[in-house]
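Hi everyone, thanks for coming.

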Amino acid sequence: MKDAKNSEDRSDFSFPEEERRGVYHAIYTRRDIRKEFLPTPVPREILVRLLRAAHHAPSVGFMQPWNFILVEDPSIRAELKHAVDKERQAAAIIFESPRAEKFLSLKVEAILEAPLVIGVTIDPSRDGPHVLGRLSDPDTDLYSASCGIMNMWLAARAEGIGMGWVTIFRKGDVQKILKLPYHIRPIGLLCLGYVREFPARPMLETEEWAFRQKLSDLVAVDRWDRREGELWEGIRKGLDQPDEFDWER
Ligand SMILES: Cc1cc2nc3c(=O)[nH]c(=O)nc-3n(C[C@H](O)[C@H](O)[C@H](O)COP(=O)(O)O)c2cc1C
């Protein structure tokens, strides 16, 4: 694989410079937000844009397996919060001390504080039993809805709105609270709102729980562990270098 040598070798569908930077800006400065939400409501026209952004995600066989439940009622919020708290306690058992105590000290949701909470679900039966491309991998409905959530996450960042994706709950608890049909699977409680700040680094990094891995350890050529040859040498250095788009520094 060779780089195109000059502009005649490739058609140029790239965005104008400022828009191109805007895409990377959203990608690098998006954060999972669980605290510092402001009470200001998310304007409805922005909420509509965010939902539409999610709905324009790719999906296997174009099945669009997602539904979005906007959770307004404080008593339902309280039930969701309880479900997450329970699961957090359960999850802590997995870790040994001192990681267990550290885990319990981390904030993992903002269900009561965020002005907006959206339950995202997938319907594995949407579009019938033979969705194009899904025969080989039934999880593709989940991948699809994850793309939708990511679209919303990036769009929210561009709108100046923080979002946290909460998954620490028992499926059955959330199914019961949101009155989901039995076959509908909840895959996230999204907490959204304006925030006091977008931290430069992932919270789990600041809390020294986990760190960003070296990208060059995660890329290979032709097989799992091959890191040599012209293509590899051409990209190797760039993979670990902070570049013009690195807003995380
Ligand atoms: C599928 C998925 C599930 C997640 N579930 C939770 C969660 O339940 N609670 C939480 O605090 N963060 C959750 N996160 C956020 C991650 O912890 C976060 O993305 C990661 O630490 C990197 O930080 P960043 O998103 O700010 O870059 C989830 C993220 C993903 C993609």
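Before the sheet, a word on terms: two strands pair if DSSP finds at least two bridges between them, and strands (E, at least two residues) and helices (H or I, at least four) are DSSP runs numbered from the N terminus. Please keep in mind that this is a predicted model, where local features need pLDDT of at least 70, side-chain atom pairs count only at pLDDT 80 or more, and totals for chains, interfaces and linings use all residues. Residues are numbered from 1 along each chain as its sequence is written.

With that, β3 and strand β4 (residues 185–194) pair in the antiparallel sense over 6 bridges. Within that pairing, Met163 stands opposite Leu192 in β4. Zooming out, the 4 strands form an open sheet in the order β1-β2-β4-β3, with antiparallel pairing. Its edges are β1 (66–71) and β3, each pairing on one side only.

The chain as a whole has 8 helices and 4 strands, and its pattern along the sequence reads α-α-β-α-α-β-α-β-α-β-α-α. The C-alpha trace spans about 60 × 50 × 40 Å along its principal axes.

Among the residues surrounding the ligand are Arg31, Asp32, Arg34, Glu109, Trp165 and Leu204.

Note on methods
Near = placed C-beta within 6 Å.
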